[in-house]
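Subject: Structure for your review

Dear colleague,

Please find below the structure that I am handing over to you. My notes on its pockets, cores and cavity follow it.

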Amino acid sequence: MNLSDINNLPYRDNVCCVVYKGEEFLLLQNKGWPVNWWKFPQGGINTEETIEQAALRELKEETGSDNFKIIGLSKSSNIYDWNDKSVRLAGYRWRGQNQKYLVVEYFGNTYDISLDADEAQSYKWVTLENLWPSIDHEDKNFTNYKNTIEKVLKEFNLITKQ
C-alpha cells in the first residue's frame with residue numbers, strides 16, 4: 001500500500017484512560033515496544049460502545065482489574081497518524097487514531113494489576129516527575145501525546161505546575 005492510499009484510510013476511534021491513584025499514574029508498555037516507551041491504557045472504541053464502556057472494557061482486558069472509577073471525559077482530544085509498522089499491524093484498516101481522553105481513578109492495590117500478555121509487556125506507576133520522560137518520544141505514534149496529556153491533567157486539577 002502506498003502513502004496516498006494510507007492517507008485515504010480513516011482514523012480509528014480510541015479512548016485513552018489517564019489512570020491515577022493518589023500521586024501516581026499507571027502506564028503500560030505495549031508488547032514489542034522499546035524499553036522506554038510507555039502510554040496510558042487505551043484501546044479502540046467499538047461501534048456499539050460508548051466511550052465509557054470502551055474504557056472500562058479496555059481497562060479490564062489490559063489490567064485484569066475492574067477497580068476503576070471514571071472521573072470524567074476531557075475536552076481535549078488528539079488525532080494523529082501512526083507509524084508504518086502500526087498501520088501494517090492494524091491490517092491497513094486505519095491511518096491512525098482519533099483519541100479521546102477519560103480521567104480514571106484506580107481503587108485497587110497498585111500490585112493487583114495482572115497484564116494481558118498479548119497486549120502489554122509491563123506496567124509501572126510513576127509520579128508526575130517521571131511521567132513526562134516515559135510518554136514523550138519522537139515517533140509518529142506519540143504525536144502531540146505529551147501536550148494533550150498535560151492539558152487533560154490541568155483540566156482535572158491533577159497538575160498544578162510543570
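A pocket, as the word is used here, is an open set of points on a 1 Å grid over the protein atoms alone, with protein on both sides within 12 Å along at least five of seven lines, and its lining residues have an atom within 4 Å of a point. On the same grid, a cavity is a set of points where a 1.4 Å probe fits but cannot get out. Grid points are joined across faces, edges and corners, and a volume is the space filled by probe spheres set on the points.

Please note that this is a predicted model, in which local features need pLDDT of at least 70 and side-chain atom pairs count only at pLDDT 80 or more, while totals for chains, interfaces and linings use all residues. Residues are numbered from 1 along each chain as its sequence is written, and side-chain values use heavy atoms, with hydrogens and water left out.

Pockets

The second largest pocket has a volume of about 150 Å³. Its lining consists of Tyr 20, Gly 22, Glu 23, Phe 25, Thr 127, Leu 128 and Leu 158. By class, these are four nonpolar, two polar and one charged, where Ala, Val, Leu, Ile, Met, Phe, Trp, Tyr, Cys and Pro count as nonpolar, Asp, Glu, Lys and Arg as charged, and the others, Gly among them, as polar.

The largest pocket holds about 800 Å³ of space. Of the 30 residues that line this pocket, Arg 12, Asn 30, Trp 33, Trp 82 and Ser 86 lie nearest its centre. Two or more lining residues come from each of β1 (11-21), β2 (24-30), β3 (42-44), α2 (51-63) and α3 (84-89). Helices (H or I, at least four residues) and strands (E, at least two) are DSSP runs, numbered from the N terminus. The lining of the largest pocket comprises eleven nonpolar, ten polar and nine charged residues.

Cores and helix α5

A nonpolar core is a set of buried Ala, Val, Leu, Ile, Met, Phe, Trp, Tyr and Cys residues joined through side-chain atoms within 4.5 Å; buried means under 20% relative accessible area, with a 1.4 Å probe and protein chains only. The largest such core has 21 residues, and Phe 40, Leu 131, Tyr 145, Ile 149 and Leu 153 touch the most other members. At least two residues each are supplied by β1, β2, β5 (96-106), α4 (128-135) and α5 (145-155), and α5 gives the most, with four. A second, separate core of 15 residues includes Cys 17, Val 19, Ala 55 and Leu 59.

The buried residues of α5 are Tyr 145, Lys 146, Thr 148, Ile 149, Glu 150, Val 152 and Leu 153. Among the elements that cover them are β1, β2, β3, β4 (68-81), β5 and α4. Just after α5, Asn 157 takes a positive phi of about 55 degrees.

Asn 98 belongs to strand β5 and counts as buried because its relative accessibility is 16%. Leaving aside neighbours within four places in sequence, Asn 98 is in contact (heavy atoms within 4.5 Å) with Tyr 11, Arg 12, Asp 13, Asn 14, Asn 78 and Ile 79.

The structure holds one cavity of 30 Å³ or more. The largest cavity has a volume of about 50 Å³, and its lining includes Leu 3, Trp 82 and Lys 140. Helix α1 (3-7) gives the most to this lining, with three residues.

Yours sincerely

Conventions. Buried < 20%, exposed > 50% of the residue type's maximum accessible area, 1.4 Å probe, protein only.
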